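Biologist: I'd like to go through this chain with you, term by term. Please tell me what stands behind each word as we reach it.

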Amino acid sequence: MELNTRSKQSSNSKAMVKAMAKIVEEEEEEEEEAEDFFSSSECGCFLCAIKQPDARLRRASLADFFRELPYCDDDSSSNGQSCAGAVAAVWRAAMAAPDDPELPSLGAIRCMSLLLARALADAAWRRRGDNARVPYYAAHAIGSYTIRSAAHAELAVAAGAVRPLAALLGGAMTWVEQRAAARALGHLASYDATFPAVARHAAEAVPLAARAASTCIADVYATFVALPPSRRPRYQRELMSCGGGLDGGGADAEDRKAEEWASQLQCWSLYFLSCLASRDVSSHAMICQDAVFLRELSRMWGGLANGDSPAGVGLLRLLCRSPVGRAAVAACRDALASLCDLARSSDDWQYMAVDCLLLLLDDRATWHSVADATVACLVDLVELRHLGPRRRLGDAIASALLLDDEHVRGPELGVEAKKAIENLRELKVERKEREEAMSRDELIKREILAKEKKRQGNDSFLNGDVGKAIDLYTEALELCPLSRRRERLVLHSNLAQCQLARRDADAAASDATRALALARPANAHARSLWRRAQAYDMKGMARESLLDCLAFAGAWFGRRRWDKHTTRAAAAARGASPKLPYCVARMISKQMSRTGLFAGVAMSGDKVGGDDCMPRCSEDGDGDDEDDKDDGDDDDESEGEFAGNSATGLKICTSGREPAIVTGDAWRRLARMT
């Protein structure tokens, strides 16, 4: 019995030894196969490894590759492949499949982080061969892998990616690497799990991001676009062409690509700051420290066409939700002026500018300074009803401006601000009460008198007596009942035309804006858009003029399409598709040359003229808008009140959505038109 037991134990031990020997032999064979696989590769170890059908062999090979790559001694990896080529291959894999967990789990993100750290620490290694491209590809790969995956973002933070990315954002290398770093940091800051790690570097990263957003356009122009092609960095030119976006277009194609990348750099810098501001109110003080950045913020559009990262004005709105942010914005007169310009434009983000101003006026500590600087602009918008996602904006503006003096402490308002508020009170309170007390017959009588005054004003304008026409239109406005929005729109629009004839650009822009606030929907009255475009052109406001021209063009083509479908005989008589009036097309061309991304640095000191005058774009010639198709007045609905600065309103940044990029507001609007 005992002998049998010992013999069994002995046989079991021998079987175990044989099994272990077989496992070791198999592992050695796998290692030899992997070595043979890499050594026989002609196109590069990573490319061949990623195509290996055997999953176990592929994973082992890739893990070894990612462990060895950051420590290669020269510009080639241990298997003979260029280090830059290998990292570029990883970047392409990240771009093609950012959600695939295989490469990140095998060390791809850690490898990219280590390469960034090495490139920053070892300038000699970075200058060797094609290694100058490595930081760009590595940072871009991290940004691609973290675009929608919180798990990948945690891997990047654990690998220490935040510090080298912050160094790149600060300009440790060039604007090309800065662009990729801003993108990656924005994604890392957008997740709850990784935000604290990014926030620990906020004191360093916030000033860097603000400076990048402020200076990137001028930097890209000075260090790339302004240089002759022969003096431009070769590796940057090759990076631009690696995506196939240049199509052999030479220097012009490079300029367009540089404009797109500069736009993205500004866009992603603003997105990164928005993520910080929406999640941590304490960052508002750091963001507001840069006075130059704050002054220019509302004009930084950043190429964004995505509501999750709504350019500079979106960040400004976040800042206006905290006391420290409101105090800083209210003290910056240039920022307030920029918000007023945006609020009186046809930009898609017009409502955000109005939101900012309302948040500032809702704070008793900033009411006086803001009201004194903005009331002349805001009174033009008190007739707004719906604008974008906002409802009853005009009522909110009037309520914010007509506060009781005893509830607001501060210095006395200026003369112009006082007068504007008095006129607003007369319009929205006293006159409204008087008309509510009038009988229906009396209101009809006033309406008839207003129409007669308007007719006389039209005659005076056609006879060249502009001053008398202004007086008659003003009298008609005083008579016309407030409920007759369409008639008041026409009167304000005609007044804008008269002011243009007198070359009074400020008054023309004001009356045109009031007409557009009365339109249904807002900014939908074509003639008022064109008249305000001309007024802004006189004032040198090329961007605002361009946006109004493009909105006019959309309304023009929309009306012509309506005509074609409803009047076939007229469409057949016209023959070809409708064309934009030459004066409008010329104005668009003129303003686009002045609103390009690099226009400000390339044409510094150049003034915008006001020579594109077109008295009327209507088919009738009397200067009267009465023949326009009436949309009909809709009844007031019961809408929710304007959202105040609640704490819940701060969290607007969402992970997994990379801001869409275009090359300019103008192109965005043109694309929607066509």
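Modeller: Gladly! Contact means heavy atoms within 4.5 Å. Helices (H or I, at least four residues) and strands (E, at least two) are DSSP runs, numbered from the N terminus. This is a predicted model, in which local features need pLDDT of at least 70 and side-chain atom pairs count only at pLDDT 80 or more, while totals for chains, interfaces and linings use all residues. Residues are numbered from 1 along each chain as its sequence is written, and side-chain values use heavy atoms, with hydrogens and water left out.

Biologist: How many helices and strands does the chain have?

Modeller: The chain has 34 helices and two strands. The axes of helix α18 (residues 311-319) and helix α21 (residues 350-361) come within 9 Å, crossing at roughly 20 degrees.

Biologist: Why is α18 called roughly parallel to α21?

Modeller: Angles run from 0 to 180 degrees between N-to-C directions, along axes fitted to C-alpha atoms over the stretch in contact. Those under 35 degrees count as roughly parallel, over 145 as roughly antiparallel, 65 to 115 as roughly perpendicular and the rest as oblique. With roughly 20 degrees between the axes, α18 is therefore roughly parallel to α21.

Biologist: What angle do helix α22 and helix α23 make?

Modeller: Helix α22 (residues 367-378) packs against helix α23 (residues 393-401) at about 135 degrees, with axes 11 Å apart. So α22 is oblique to α23. W367, V375 and L378 of α22 touch I397, A400 and L401 of α23, a contact with six nonpolar residues and no polar or charged ones.

Biologist: What about R503: why is that residue called partly exposed?

Modeller: Buried means under 20% relative accessible area, exposed over 50%, and partly exposed in between (1.4 Å probe, protein chains only). R503 has 48%, so it is partly exposed. R503 lies in the loop between α27 (485-501) and α28, and its phi is near 65 degrees, positive in a residue other than glycine.

Biologist: And why does N523 count as buried?

Modeller: N523 has a relative accessible area of 16%, so it is buried. Its phi is also near 65 degrees, and N523 sits in the loop between α28 and α29. That loop between α28 (505-518) and α29 (526-538) holds P521 too, and the peptide bond from R520 to P521 is cis, with omega near -5 degrees.

Biologist: How many residues does helix α25 have, and what span is expected for it?

Modeller: Helix α25 (residues 440-462) has 23 residues and reaches 33 Å from its first C-alpha to its last, close to the 33 Å expected at 1.5 Å a residue. The expected span is 1.5 Å times one less than the number of residues. Its buried residues, among them R446, E447 and F461, pack against α26 (466-479) and α27. Just after α25, G464 takes a positive phi of about 90 degrees.

Biologist: What share of the whole chain counts as buried?

Modeller: Of its 674 residues, 51% do.

Terms used. Ala, Val, Leu, Ile, Met, Phe, Trp, Tyr, Cys and Pro count as nonpolar, Asp, Glu, Lys and Arg as charged, and the others, Gly among them, as polar.
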